[in-house]
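Good morning, and thank you for making time for this presentation. Please have the sequence and the structure open while I speak.

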Amino acid sequence: GTSTITLTPQATAYNNMGVPGAKSFHLGAPGYGNIAGVALGQSNPYFVRHATSPTATVLGDAMSKNPTFFTNWIGANDVLSYATNGGAQSDGVTPAADHNTTGNLDPSTYGGNDITNASVFGSVYSTIINTLTINGAKGVVATVPSVTSIPYFTTVPYNPLTVMSLGNDSTKSRSEQSVVEQADAGAALINQLNAELYALLDGVFTAYGEPNRVNPLVVNAANPILITDIDAADRSAQISGYLQTVLSYPAATANAFGAVFGKARQATRNDLVVLPASSVIGTVNSSAPAGININGVSYPMANRWVLTSNEQLKVATATAAYNSSIRSIAAANGLAVADMNAIMNQLVNGLQIETGQIYTANYFSGVATENKVLFSLDGVHPNARGYAVIANEIIKVINEHYNANLPLHYVNNFPGINIVGSN
């Protein structure tokens, strides 16, 4: 059977107006909480649940509370969806737009994964803060964190291909396939890949001045995955030509091969492989030709799975511009600033809090340190303990800026993650 869900608008707004997925320009958009727009991608199902009317805005509902003090942490989603999708649109292949580059100042035309233009962000942010403070309210604003500080981008290595991973037979149990058999199978596959694919690509790329774009795999070290780089020089024609003239491939086959590998390269330590790629690397790509259909091994990973250094630069440029606007607008309004960008970046190497405890973003460092991990397993959002640390950092800023004496939370009273050992 079918069911219909009817949501009645809230009589009054909540004090917590956080809306998952909201970008800066969404906060002032009428109808962002209209249930009729959800299926069309024009509204947000989370705001639908607590909007006071179908035409309400997030900012308008917030102001209906007549706030005298507020916290505002907006802007991460203006760049995060671009990053988490590897700089790609929803199809995983087409690049998402960086509107700092395109100069598009009309957010109503933006795709879901596009980077918000910095001028648009600055203008929208100014409106948000001017509105929140119109009646003299005080508050704390927070900067936008760098994506490189979250586990979503730092957990999966760029070079996971070893003789053991390549030789693993998923159809057999551990007892059915010995370590020696696995290593031998991996070494044999590496030799086959080098002979039939990697040597060919290396030869073509080297001939055109890119000797390290693809290198043969080695049996005694970890090898990088094969990826699609939208910004790489397109060598489709050269690959196709080599196959036709040197190896006598039929034109159709050679052209198809060139189209697959024309923008391929091996990943480097400067690339960030997104967390969900861990379940894709080494799997069969059903849309790829037989023989070259293993994701990241014999078939390039799609754009969505890797944030390249060029894409990272776009993210960093936008983040820096957003944070510059946040600081300057806060200063103009006498507001406190919690530099969450700096705080989250400290998690990469370890963040020491006032008790001396050191917390981290690395949740694959083993059970001995699992109580120190501040992120949930989606790799993006902090866990309850992580949010307690964040709350404390904001409280510290409030106490310093407003000469207050709010008590800090004891963060170990809040749950972290629990890693269950395998059997």
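This is a predicted model: local features need pLDDT of at least 70, side-chain atom pairs count only at pLDDT 80 or more; totals for chains, interfaces and linings use all residues.

An α-helix has 3.6 residues a turn, so residues three or four places apart point the same way.

Leaving aside residues up to four places away in sequence, Phe261 touches Leu197, Leu201, Phe205, Arg213, Leu226, Ile239, Ile292, Ser298 and Pro300. Phe261 also belongs to the largest nonpolar core, which has 98 residues. Within that core, the residues touching the most other members are Ile129, Phe153, Ile225, Ile239 and Phe261. Helix α8, residues 179-207, gives the most to this core, with eight residues. As a general rule, in soluble globular proteins nonpolar side chains tend to be buried together.

Let me now step back to the whole protein. There are 13 helices and nine strands. Of the 423 residues, 45% are buried. Among contacts between residues at least 6 apart in sequence, 69% join residues at least 24 apart. The protein exposes about 20500 Å², and carbon and sulfur atoms supply 54% of that area.

Is aspartate 229 buried or exposed? Its relative accessibility is 10%, and the limit for a buried residue is under 20%, so aspartate 229 counts as buried. The side chain of aspartate 229 reaches the backbone nitrogen of aspartate 231 at 3.0 Å. Not counting residues up to four places away in sequence, aspartate 229 touches Lys263, Arg265 and Thr308.

Threonine 148 sits in another loop, between β2 (138-142) and α6 (151-154). With a relative accessibility of 31%, threonine 148 counts as partly exposed. Its side chain is joined to the side chain of serine 146 by a polar contact of 2.8 Å. Threonine 148 and methionine 344 are 196 residues apart along the chain, yet their C-alpha atoms are separated by 9.3 Å.

Finally, I would draw attention to two backbone angles. Most residues other than glycine have a negative phi. Serine 248, however, has a positive phi of about 60° although it is not a glycine. Serine 248 lies in the loop between α9 and α10, and it is exposed, with a relative accessible area of 60%. Asparagine 403 is not a glycine either, and its phi is positive, at about 55°. Asparagine 403 lies in the segment after α13 (384-402) and is exposed, with a relative accessible area of 71%.

Thank you for your attention.

Conventions. Residues are numbered from 1 along each chain as its sequence is written. Side-chain values use heavy atoms; hydrogens and water are left out. A nonpolar core is a set of buried Ala, Val, Leu, Ile, Met, Phe, Trp, Tyr and Cys residues joined through side-chain atoms within 4.5 Å. Buried means under 20% relative accessible area, exposed over 50%, partly exposed in between (1.4 Å probe, protein chains only). Helices (H or I, at least four residues) and strands (E, at least two) are DSSP runs, numbered from the N terminus. Contact means heavy atoms within 4.5 Å. A polar contact is a pair of N or O atoms within 3.5 Å; within protein, one must be able to donate a hydrogen and the other to accept it, and residues adjacent in sequence count only if both atoms are side-chain atoms. Accessible areas come from the Shrake-Rupley method with a 1.4 Å probe; for residues, only the protein chains shown count as cover.
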